[in-house]
There are 2 protein chains.
Amino acid sequence: MSQIEEVASGVVRREPTSAAAVLMDAHKAAELASQYGIPVPAQRECGSAEEACRAADELGYPVVLKALGKEIVHKSDVGGVALNVRDRRSVGEQARKVLEEVPGTEQILVQRMEPAGTVEMIVGARRDPIFGPVVMLGLGGLWTEAFDDIAVRLAPVAGGSVAQMIEDLRSRAVLRGARGVPGINLEGIGAVVASVSRLIADESTVAEIDLNPVICDADRVVAVDIRILQQPDPGVPAEHSPRSPQQLDALLAPRSVVVVGASRNPAKQGGRLLRYLIRHEFQGEIVVVNPHATEVMGCRAVPSVDKIEFVPDLACICVPAETAIDVLEECGRAGVKAAIIFGAGFSEVGGFEAQMRQQQLTKVARSYGMVVCGPNTAGLASRPVGLCASMGASFEMGDGPLPHGSVAVVSQSGAIGGSLLSRLRESEIGFSHWISTGNESDLTIGDYLGWLARDPETATILLFVEAIRDAEAFRAGCEAARANGKAVIAYKTGRSEVGRAAVQSHTAALAGDERVYDAFFKELGVIEVENLQQLIDAAIVLEWQPAPIGARVGVVSASGGACSVVADECARRGLELPRLSTAARTAIEAAIPSFGHAENPVDVTMQINVEPGMIGIATEAMLQDDGIDAVLVMLTSNADPPAIEVARGVVRAAQGSHKPVVVARMGAEVLAPGSLRLYREARVPVFSMPERAIAAMAAVASVGLRSLRADETDTSTTSAQEEAR
Amino acid sequence: MSQIEEVASGVVRREPTSAAAVLMDAHKAAELASQYGIPVPAQRECGSAEEACRAADELGYPVVLKALGKEIVHKSDVGGVALNVRDRRSVGEQARKVLEEVPGTEQILVQRMEPAGTVEMIVGARRDPIFGPVVMLGLGGLWTEAFDDIAVRLAPVAGGSVAQMIEDLRSRAVLRGARGVPGINLEGIGAVVASVSRLIADESTVAEIDLNPVICDADRVVAVDIRILQQPDPGVPAEHSPRSPQQLDALLAPRSVVVVGASRNPAKQGGRLLRYLIRHEFQGEIVVVNPHATEVMGCRAVPSVDKIEFVPDLACICVPAETAIDVLEECGRAGVKAAIIFGAGFSEVGGFEAQMRQQQLTKVARSYGMVVCGPNTAGLASRPVGLCASMGASFEMGDGPLPHGSVAVVSQSGAIGGSLLSRLRESEIGFSHWISTGNESDLTIGDYLGWLARDPETATILLFVEAIRDAEAFRAGCEAARANGKAVIAYKTGRSEVGRAAVQSHTAALAGDERVYDAFFKELGVIEVENLQQLIDAAIVLEWQPAPIGARVGVVSASGGACSVVADECARRGLELPRLSTAARTAIEAAIPSFGHAENPVDVTMQINVEPGMIGIATEAMLQDDGIDAVLVMLTSNADPPAIEVARGVVRAAQGSHKPVVVARMGAEVLAPGSLRLYREARVPVFSMPERAIAAMAAVASVGLRSLRADETDTSTTSAQEEAR
């Protein structure tokens with residue numbers, strides 16, 4: 001099975017309802033909910049039509065009848081629900097009909113009919129195999145499908161977070177009420193959410209719970225339909241074996257490396273690895289295991305790992321899957337503390353044998369206390385020690401080692417990770433580390449994150465995420481990154497695989513992977529981007545410019561049309577274009593023609609070609625405005641030689657400021673090689689299109705806002721990001 | 001006033017309610033609505049509390065009281081509404097209170113209180129100064145702000161279109177009802193929409209009408225609050241003076257050009273224009289008007305236009321705004337049929353004098369029957385006759401004339417238009433025409449569209465739109481383009497300037513510019529793109545590859561992670577990834593490793609480096625599959641030399657097929673110069689990121705789908721696009 005199939009089929013992430021899951025009887029479900037303080041309509045479980053009539057008399061009319069039975073999953077689809085039954089005679093008729101005609105009916109639930117409310121809500125929870133209990137709140141009934149207006153949180157959810165969940169809903173104005181129209185009982189619905197959160201936490205056999213609809217008025221909150229899916233108690237949760245960041249030192253900052261399976265042939269994988277190790281100027285010792293040579297590519301060769309007179313920190317294992325376990329064992333016996341296993345043929349190919357092979361690998365590694373990257377990994381690179389333990393084509397670029405910088409890339413796809421590396425290099429961005437996590441049999445993405453969060457060389461961590469396998473390690477890594485002032489920017493793939501039709505409850509569909517990841521990332525301060533270009537572009541801005549402390553952007557352009565495009569894109573991305581201070585406006589007015597526009601967005605007009613210094617003057621004036629956090633210079637064709645003058649002004653302004661300056665320049669590059677060189681040398685990012693520049697600025701503004709909030713809560717935090725620069 | 005200010009302040013597009021607009025009395029509004037068959041609650045207009053009590057007795061309790069008065073705009077904000085008044089005594093009390101305490105109250109409206117319904121809708125219409133009456137339907141009351149669930153159409157709207165409007169709403173499932181929950185009276189609400197459409201068409205003094213909320217149940221549809229804004233009848237609509245496409249021949253395919261204001265100095269505007277005219281190899285005669293020379297840059301010079309012994313088709317007027325009118329008049333007298341006026345200083349700078357100057361210009365042009373491009377334009381280029389009547393920096397690229405192709409660019413911003421040109425040239429795309437429309441004092445974007453729609457050299461028309469000034473001309477242009485099988489792709493800016501707070505009625509805010517443009521474009525088959533990169537990328541695909549006939553995409557990659565990214569992006573853009581035919585799957589299975597994935601998206605695995613031909617084989621197999629309309633080859637680092645083999649296979653497959661093939665290649669370009677050259681030579685588009693490739697394919701799929709629909713209705717249509725290739 002390929003990686004995509006693995007993601008698509010959900011092997012990695014979700015088996016929300018195992019084969020053993022059963023739907024709890026509706027009456028029992030209501031009783032359980034009731035025990036947790038969830039208001040439900042008065043109801044009786046009845047075995048016959050006569051019993052149903054008596055129950056209805058007791059409860060008062062009108063009533064609802066529902067078929068009960070293990071086999072009945074969607075009652076209303078099979079005619080198993082009779083609404084608004086108004087008298088004794090009709091109850092008798094309907095009850096008999098259901099008992100006789102609806103297959104699988106064992107009993108009948110008679111419920112007092114709740115009149116329609118102001119709105120119908122849905123409240124639910126499910127037990128995610130990775131993230132644990134997840135709680136959701138949203139518009140219920142038919143509104144659910146229409147607007148998908150749902151807020152999701154990881155449990156436990158209490159008072160404050162429930163208020164935040166309501167705030168997240170687009171329908172909040174309806175729920176709150178306004179202009180004489182009453183809203184709903186927000187305290188009541190909040191209590192139901194908290195109850196559901198407690199219920200799924202306490203009742204270990206509950207896999208999913210759906211209250212849909214919960215009828216809500218200004219006073220009333222009542223859950224008229226409750227579905228609970230049960231599965232056997234999983235007992236103790238799967239072992240979570242966190243690695244301390246120190247354990248990863250041997251992998252990510254090794255002093256010596258042994259390569260097993262290095263060929264003399266540099267076209268072969270092992271040969272290429274050795275060639276890269278040498279070319280990228282590894283600062284420690286390299287030993288090769290090769291029974292047929294005493295030297296390979298200038299490196300000392302030994303017949304086996306135990307023949308090395310010292311214990312290497314890291315073993316690079318470039319042998320086929322079949323022999324990798326033996327080699328790992330040999331390394332373990334020799335005391336090697338870390339290994340990279342490149343070979344494919346483990347869990348990613350599917351099938352029993354391959355799965356077993358990966359489990360065996362994990363077992364061997366743990367028994368020797370080794371940390372393992374992979375298997376099926378494209379390896380890793382660690383710039384501070386000059387390590388390039390990879391064979392990816394992207395490491396062919398340039399002549400020497402990777403350019404040094406403060407960006408780290410951690411990718412669950414070696415191919416995507418390699419491409420990101422090459423595109424960032426193309427933009428002259430430097431790196432601290434590059435890691436392809438492979439199958440994550442041992443170390444998961446969170447473990448790497450935890451190490452990088454503490455690495456003084458790293459300021460920005462880019463993640464390509466397919467699936468998080470260890471939520472605790474990921475959480476710990478993010479928290480360390482936040483505490484140390486490092487930006488974590490993630491692109492998450494696998495969003496289209498939700499497969500809503502296949503799941504049994506609304507909660508499983510609505511609080512699916514996408515929303516749970518969003519909630520998790522948001523909680524942890526991870527900045528999510530929409531596409532891979534944004535991941536690259538945000539890194540460029542963070543690497544080259546200071547992070548802004550807010551989302552208030554000043555824009556200067558020489559084209560009215562371009563100003564309009566920028567205004568649209570800023571609105572879309574949530575960036576503000578505030579009015580300028582009087583000082584800024586006055587300075588700009590003095591510099592630009594009378595038919596220009598001295599307000600934000602500033603339009604210096606096509607006079608730019610005659611007076612190219614205007615752009616720099618406007619940039620500087622806006623950078624000095626306390627109401628502006630960042631400046632975007634929006635250029636269209638802007639050809640040399642005037643463009644060189646424009647660039648001089650912009651660069652001077654940027655260098656004199658602690659705020660970021662970003663350039664969008666739409667014209668072909670060949671029109672302005674001189675000015676583009678000036679920007680590059682001054683590390684002022686230039687993007688080819690306004691939408692790219694603005695998306696990057698928006699992502700980076702989130703970093704700044706996050707730090708600001710962190711500063712407010714803990715002013716003693718020193719910014720490692722600042723230090724690293 | 002700069003261009004952005006002009007757009008932002010709405011000078012161009014909207015003055016929805018002129019200063020003279022007044023709110024119609026609520027009672028009169030209800031009576032007018034009633035005349036058009038709109039159901040309203042029974043109601044009485046009362047002058048005193050006693051009268052209100054009598055009216056309430058007649059109508060039956062509970063009732064609603066509303067303050068009536070010219071000054072009262074938002075009744076509920078000033079306490080001018082009393083809901084649910086249950087008895088005579090309360091009516092008396094409340095009525096007295098309103099009459100005494102609510103400023104501006106003249107009378108009281110007593111209305112029977114309608115009980116809450118299943119949903120509240122909003123129905124409205126406004127008279128757009130450009131597009132005429134516009135009708136909207138959506139969720140009303142507090143739901144309006146929450147979900148903005150609104151459908152907009154240009155009037156008139158009758159049966160079929162109302163059904164389509166309901167279909168456009170996300171709340172359609174709620175409105176229709178499902179699973180035993182009743183929907184609303186769809187016929188009833190449809191009739192209300194049709195009535196509102198008739199009302200605004202017939203009542204020429206009605207500027208805006210809002211029915212909000214319209215309470216709806218399974219049976220009941222009743223408009224409980226009606227607001228009508230009136231303004232004086234504008235009388236005859238503004239003159240629409242369409243130009244026949246033939247009239248534009250002198251402008252866009254001139255046989256001779258006179259340049260007025262051409263300097264010897266090639267750095268000055270007029271000098272640059274002349275230099276470009278020569279360099280781009282204009283195929284007709286060029287004469288220069290210059291009283292001080294007999295020759296400028298090798299072109300014959302005469303002292304004035306009337307001294308030319310023949311009548312030039314086109315005059316390029318490069319003189320300051322102050323003298324442009326005199327020059328235009330001189331040209332008109334000499335019989336010149338077309339002019340381009342480059343100078344700024346007309347309506348775009350704002351102010352009375354400049355406005356008058358532009359009006360004068362229009363008057364002169366019309367009096368001589370001339371067509372005018374501009375003023376304040378960056379000019380135009382017409383490749384078939386070698387005309388480059390512009391001074392934009394983008395025309396400096398390369399050595400000779402523009403590369404010849406079938407893409408036409410029409411831009412309302414000269415600067416953006418120039419940038420688009422240079423970026424398309426960078427991608428080696430050829431052009432038929434390039435037009436900067438300027439202030440559009442005479443010819444508007446629709447006139448150019450109409451001409452290009454009939455131009456055999458043009459297949460794809462790219463529009464950068466700030467505002468449509470002549471809806472009829474635009475409509476006619478789009479219809480001609482559709483009839484002749486040409487693709488019209490538009491980027492519309494000015495979306496963030498809606499300024500909802502400033503408008504008086506909901507309809508004006510909700511059926512604002514953005515939605516009206518969307519409705520108009522959709523109706524006319526114009527393909528709207530989200531950003532400028534997409535405009536460029538869609539043109540590249542259309543210029544180099546056949547248009548697909550549907551949205552079913554086959555994907556091949558060598559990375560599971562990349563497949564997952566592609567699946568997400570396709571889902572976002574509405575592209576399908578269908579299962580492959582057995583034949584295609586079998587062919588692919590035979591070519592790729594057993595641990596690969598022979599289903600769509602196909603993953604040939606990293607074995608690509610050993611067997612680079614696999615990608616081509618999979619591409620070919622999918623192109624031969626009748627269930628696939630287009631193929632996306634998704635590559636990551638993919639370095640030469642294996643990348644060259646990959647490219648050979650892909651190019652061979654593309655060349656043997658009538659379906660489009662597009663490549664996304666994420667790795668840095670320096671890794672694969674050889675393969676990139678092969679793709680370029682074979683005109684297979686390569687995009688740097690999957691999201692770019694997929695957005696372009698989605699836009700192009702709309703072109704194909706549109707043609708398909710056109711073919712279904714009129715099978716005799718010959719595709720001019722095909723011919724042009």
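1. Over which residues of chain A does pLDDT stay under 50, and how many contacts beyond four places in sequence does the model have for them? In this predicted model, the stretch is residues 1-18 of chain A, for which there are 60 such contacts. A further stretch, residues 498-504 of chain A, also has a pLDDT below 50, and the model gives it 13 contacts beyond near neighbours in sequence.

2. For chain A as a whole, the pLDDT averages 88, with 90% of the residues scoring at least 70. The scores of the model are ipTM 0.89 and pTM 0.90.

3. Between chain A and chain B an area of about 6400 Å² is buried, and carbon and sulfur atoms give 63% of that area. The contact draws on 85 residues from chain A and 84 residues from chain B.

4. As for polar terms, 26 residue pairs are in polar contact across the interface of chain A and chain B, both residues being at pLDDT 80 or more, and the count of salt bridges between these chains is two. Glu530(A) forms a salt bridge with Arg572(B), in which the closest N and O atoms are 3.9 Å apart. Helix α19 of chain A, residues 560-573, supplies 11 residues, the largest share of the side of chain A that touches chain B.

5. Helix α18 of chain A, residues 532-544, passes a simple check of geometry: at 1.5 Å a residue its 13 residues should span 18 Å, and the end C-alpha atoms are 19 Å apart, which agrees. At the start of α18(A), a side-chain oxygen of Asn531(A) comes within 3.3 Å of the backbone nitrogen of Gln533(A). The helix α18(A) is mostly covered, with 13 of its 13 residues buried.

Technical notes
Residues are numbered from 1 along each chain as its sequence is written. Chains are lettered from A and ligands numbered from 1 in the order in which they are written. Side-chain values use heavy atoms; hydrogens and water are left out. Helices (H or I, at least four residues) and strands (E, at least two) are DSSP runs, numbered from the N terminus. The expected span of a helix is 1.5 Å times one less than its number of residues. Buried means under 20% relative accessible area, exposed over 50%, partly exposed in between (1.4 Å probe, protein chains only). A polar contact is a pair of N or O atoms within 3.5 Å; within protein, one must be able to donate a hydrogen and the other to accept it, and residues adjacent in sequence count only if both atoms are side-chain atoms. pLDDT is the predictor's confidence in each residue, from 0 to 100. Contact means heavy atoms within 4.5 Å. Buried area is the accessible area (1.4 Å probe) that two parts lose on being put together, summed over both. A salt bridge is a side-chain nitrogen of Lys or Arg within 4 Å of a carboxyl oxygen of Asp or Glu.
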